Amino acid sequence: MVNNAAIVNEGSGWQRVIAINLTAVIVGTKLAAAHMRKDKGGKGGRIVSTLSVAGLVQSHMTPVYCATKHGVRAYITGLCKDPTRPDQGIEYAMIAPDAVDTPMFQSVDSNRVLFWDELKDEMKRRMMKPQAVGEAFLQLLRSDVINGAILQVDIQGKTFRHMECVNDGVTFDPSKAF
Ligand SMILES: NC(=O)C1=CN([C@@H]2O[C@H](COP(=O)(O)OP(=O)(O)OC[C@H]3O[C@@H](n4cnc5c(N)ncnc54)[C@H](O)[C@@H]3O)[C@@H](O)[C@H]2O)C=CC1
Ligand SMILES: CC/C=C\CC(=O)/C=C/C=C\C=C\C=C\[C@@H](O)[C@@H](O)C/C=C\CCC(=O)O
């Protein structure tokens, strides 16, 4: 199961950002986990949530959006560390891209993102094609164990992090995960 839907809007209507980016992730994850857990008759599985670099840093450009992505990281980290998780047979991981050339990015303007006029050139310089994120996603799924992984994707390449955001280089070491 993938939690991917999100919006960005720092203007009026910011409450909806919390509803979609954070509340809906919690609701969806609860529903999926209840269906998937092996100890309750399910088949187990993986739940991957699309974070953002905004879930790893604090940005004055998108403070509400950042708060939701940090919230997702905290929530998923908690599930990842649940001592009953191995019996449930569910793994949790996240992918954290930098700017990507999608309708979300293309629709950004100074009503939705703060300081956009000053920062847009820097963000556009860092922008990736969606394929880069798709390839990273597949790389994540090919790993034997993914519980605890955050795969950061940016124009420098890919970096695996563990839930505490310790940079461990490009190889995910499951022994350091939870
Ligand atoms: N585009 C970017 O620069 C970056 C995007 N992300 C994340 O990637 C994920 C995908 O975003 P993009 O593809 O860029 O955006 P997008 O705007 O192109 O796609 C978002 C999708 O979410 C859906 N959605 C929005 N609200 C919904 C709702 N209430 N119910 C059901 N579906 C809803 C939209 O219909 C759309 O298909 C998001 O979690 C976003 O935060 C992360 C880092 C950078
Ligand atoms: C604006 C694009 C909309 C949505 C995509 C998304 O996920 C939002 C990201 C928002 C903020 C990301 C900030 C990342 C910051 C760090 O990488 C800094 O090193 C970047 C330096 C300058 C950018 C401006 C800032 O930090 O506010």
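In this predicted model, an oxygen atom of ligand 2 lies 2.8 Å from an N or O atom in the side chain of Y65; a polar contact is a pair of N or O atoms within 3.5 Å, where within protein one must be able to donate a hydrogen and the other to accept it, and residues adjacent in sequence count only if both atoms are side-chain atoms. An oxygen atom of the ligand is also 2.7 Å from an N or O atom in the S59 side chain, and an oxygen atom is 3.2 Å from one in the side chain of H60. Taken alone, ligand 2 exposes 640 Å², of which the protein buries 79% (Shrake-Rupley accessible areas with a 1.4 Å probe; for residues, only the protein chains shown count as cover). Around ligand 2 there are 15 residues, the closest being S52, S59, H60, Y65 and R126; a residue counts here if one of its heavy atoms lies within 4 Å of the molecule.

Residues are numbered from 1 along each chain as its sequence is written, with chains lettered from A and ligands numbered from 1 in the order in which they are written. Because the model is predicted, local features need pLDDT of at least 70 and side-chain atom pairs count only at pLDDT 80 or more, while totals for chains, interfaces and linings use all residues; side-chain values use heavy atoms, with hydrogens and water left out.

The largest nonpolar core has 17 residues, and those with the most contacts inside it are I47, L51, V72, I76, I90, Y92 and I150. Such a core is a set of buried Ala, Val, Leu, Ile, Met, Phe, Trp, Tyr and Cys residues joined through side-chain atoms within 4.5 Å. Helix 1 (14–36), helix 2 (63–80) and strand 3 each give two or more residues to this core (helices are DSSP runs of H or I, at least four residues, and strands runs of E, at least two, numbered from the N terminus). Helix 1 gives the most, with 5 residues. A second, separate core of 14 residues includes V48, V133, F137 and V153.

E91 is placed in strand 3 (residues 90–97). E91 counts as buried because its relative accessibility is 14%, where buried means under 20% relative accessible area, exposed over 50% and partly exposed in between (1.4 Å probe, protein chains only). A polar atom of the E91 side chain lies 2.8 Å from the backbone nitrogen of I146.

Among the cysteines, C66 is buried at 4% relative accessible area, and C80 is buried at 1%. The count of disulfides is 0, a disulfide being a pair of cysteine sulfur atoms within 2.5 Å.
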